[in-house]
Amino acid sequence: MEIPSIAISRMMGIGSRHIQLVYLLFAIGIAHCKSPGKEAPILLYNGAGTSPNDVAAIENLLSANRLEFSLANSGQLNGMDKGRLMKYSLIIIPGGDFIKMGEGLTSETAQNIREAVHDGLNYLGICAGGFLAGRLPDN
């Protein structure tokens, strides 16, 4: 059984990059609904293992659409508890080397992100960022 985005891309004759862009735009639309008392609605991870080109492309896309966002490297994200994560509407974990990304984040951070997502934080994982959303032995 194929996952829906692959099946859709094959039916419509479009590539996976186009599907990723659609997902990103959808997530941005969700995050644009800023709740009162929240900081910048979007948290973009730019820490260990992320692709600098992916981070730059997402930053450009967010800026071009005048969407407020904050950046967090590995140390900063590791320092955020669930309550702090819940101040955001969306966390974006871009592509890169998911092994290095996983090594840069503590298991406590992975658990905090899971709990925040369970409680309403939107999560957009692109490529390697999608792998990190799953349960792996190390996270």
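A residue counts as buried under 20% relative accessible area, as exposed over 50%, and as partly exposed in between. The model is predicted. Asparagine 112 has a relative accessibility of 12%, so this residue counts as buried. Asparagine 112 sits in helix α7, which spans residues 107-118. Beyond its neighbours within four places in sequence, asparagine 112 contacts Met80, Asp81, Lys82 and Leu85.

Lysine 82 also takes part in a salt bridge with aspartate 119, with an N to O distance of 2.4 Å. Aspartate 119 is in the loop between α7 and β4 (122-125), and lysine 82 is in helix α5 (residues 82-85); the pair therefore ties together parts that are 37 residues apart in sequence. The count of salt bridges comes to one.

The residues with stated accessibility are listed below.

| Residue | Relative accessible area | Class |
|---|---|---|
| Asparagine 112 | 12% | buried |
| Lysine 82 | 27% | partly exposed |
| Aspartate 119 | 40% | partly exposed |
| Phenylalanine 131 | 51% | exposed |

Phenylalanine 131 belongs to helix α8 (residues 128-132). With Phe98 and Ile99, Phe131 makes a nonpolar surface patch of about 300 Å². At a relative accessible area of 51%, phenylalanine 131 is over the 50% cut-off, so this residue is classed as exposed.

Confidence should be read alongside these values. The average pLDDT of the protein is 81, and 68% of the residues score at least 70. Over residues 1-14 pLDDT stays under 50, and the model has nine contacts beyond four places in sequence for this segment.

Key: Residues are numbered from 1 along each chain as its sequence is written. This is a predicted model: local features need pLDDT of at least 70, side-chain atom pairs count only at pLDDT 80 or more; totals for chains, interfaces and linings use all residues. Side-chain values use heavy atoms; hydrogens and water are left out. pLDDT is the predictor's confidence in each residue, from 0 to 100. Contact means heavy atoms within 4.5 Å. Patches are made of residues with over 30% relative accessible area and no salt bridge: like charges are joined within 9 Å, nonpolar side chains (Val, Leu, Ile, Met, Phe, Trp, Tyr) within 5 Å. Accessible areas come from the Shrake-Rupley method with a 1.4 Å probe; for residues, only the protein chains shown count as cover. A salt bridge is a side-chain nitrogen of Lys or Arg within 4 Å of a carboxyl oxygen of Asp or Glu. Helices (H or I, at least four residues) and strands (E, at least two) are DSSP runs, numbered from the N terminus. Buried means under 20% relative accessible area, exposed over 50%, partly exposed in between (1.4 Å probe, protein chains only).
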